[in-house]
Amino acid sequence: MTGSVLAAALCLGLTLINLVSLGIAMARIGRTRRGGEGASVPVSIVRPVCGLETFSEETLRSGFLLDYPAYELVFCVARAGDPIVPLVRRLMAEHPGIPSRLIVGDERVSRNPKLNNCVRGWETSRHDWIVLADSNVLMPPDYLQRLRAAWRPDTGLVCSTPVGARPQGFWAEVECAFLNTLQARWQYAGESLGLGFAQGKSMLWHRPFLDARGGIRALGAEIAEDAAATKLVRAAGRRVHLVGAPFPQPLGRRRLAEVWSRQVRWARLRRVTFPLFFAPEIGTGAVPPALLGFLAAGGGLAGSLAALSVCGLWYGTEWRLAARNGWHRSWRMPAACLVRDLLLIPLWCTAWIARGTVWRGTAMDIPTKAAARLEADAPA
């Protein structure tokens, strides 16, 4: 097989795989699967909070405005002096009709500060159905109905991947390109093929199921609680299912450094917890097949046209997915997708070698399990 033929075959293969994933996501997202039982059972919503962000008041307030007959809100904060505390207390006072409380202080059960922040909230929740929801998730009025609707007899956990909304500036558009037509697309494609992965933004648990397997502290088995959740659910012979349509996360303004730091952290977590699934991620962007198309066509003008055709087909289909689901789109979307795909290559490489990262101002070390064991066994 000549080099040009091999390059053409690889280009075609990568393009077809990604187009299939986009097609599966188009067919899957927006399709509601009714779970059937207990659609209005009481629910506890546990929200870990840490620091003030641009949309903190809007996203936290949305939890008080749900169209659901019986639920409680449990806010968890590690430090009493956190700047988010006055906002939470004010929102609680403004909505006395919604049972809510703020728990101060965490439990150091893992390397994961978010999980540590949730433990007391979980253990004091009043109801058997519990949602762990990040503070930057914007909850629509039917938030709990949509989570409950996705629960089926074989379900161990229902999640929602975040969808970037209301970006301000080009780098926020790049963040949307990562979250929406790349990461959300692959989440839904994987779930449709029986490979559902947990996503920590919104997680609906049935407390008896998780408590029978070690409770919330069992999610400290991995550095990322959603990775631990995925493995726990699969070990129990259950599945991770996704809501019919994902919930939005308003972004506001982003800087390149913020986008890079966040994506490196997530990539490193995927690399450490699911290395066999992470390895092929190098082929999920349009840059490798575009380069292969350029080489297959012999370079020059013909090669450039081939590369442009690959990118046009790729990003045109991503635009169609975003349009179908009402996700953010603008004239800058193709450029944002291209920059995203250019960043994917150094991100993928960095994920194999980097360990240190920062989460909400907290320095985190993300070693492999083997490295963590060596450190634990090392003499003091």
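Buried means under 20% relative accessible area, exposed over 50%, and partly exposed in between (1.4 Å probe, protein chains only). This is a predicted model: local features need pLDDT of at least 70, side-chain atom pairs count only at pLDDT 80 or more, and totals for chains, interfaces and linings use all residues. Residues are numbered from 1 along each chain as its sequence is written, and side-chain values use heavy atoms, with hydrogens and water left out.

**View 1. The whole protein chain.** The protein chain has 14 helices and eleven strands. Helices (H or I, at least four residues) and strands (E, at least two) are DSSP runs, numbered from the N terminus. The C-alpha atoms fill a box of roughly 70 × 55 × 40 Å along the principal axes. Of the 380 residues, 53% are buried.

**View 2. Helix α11 and its cover.** Helix α11 spans residues 287–296. Its buried residues are Val287, Pro288, Pro289, Ala290, Leu292 and Gly293. Their cover includes α1 (3–28), α12 (300–325) and α13 (333–353), where contact means heavy atoms within 4.5 Å.

**View 3. A nonpolar surface patch.** Leu195, Leu276 and Phe277 make a nonpolar surface patch of about 320 Å². Patches are made of residues with over 30% relative accessible area and no salt bridge; like charges are joined within 9 Å, nonpolar side chains (Val, Leu, Ile, Met, Phe, Trp, Tyr) within 5 Å. A salt bridge is a side-chain nitrogen of Lys or Arg within 4 Å of a carboxyl oxygen of Asp or Glu. Accessible areas come from the Shrake-Rupley method with a 1.4 Å probe; for residues, only the protein chains shown count as cover.

**View 4. Leu195 in its loop.** Leu195 is found in the loop between α6 (170–192) and β7 (202–206). Leu195 counts as partly exposed because its relative accessibility is 34%.
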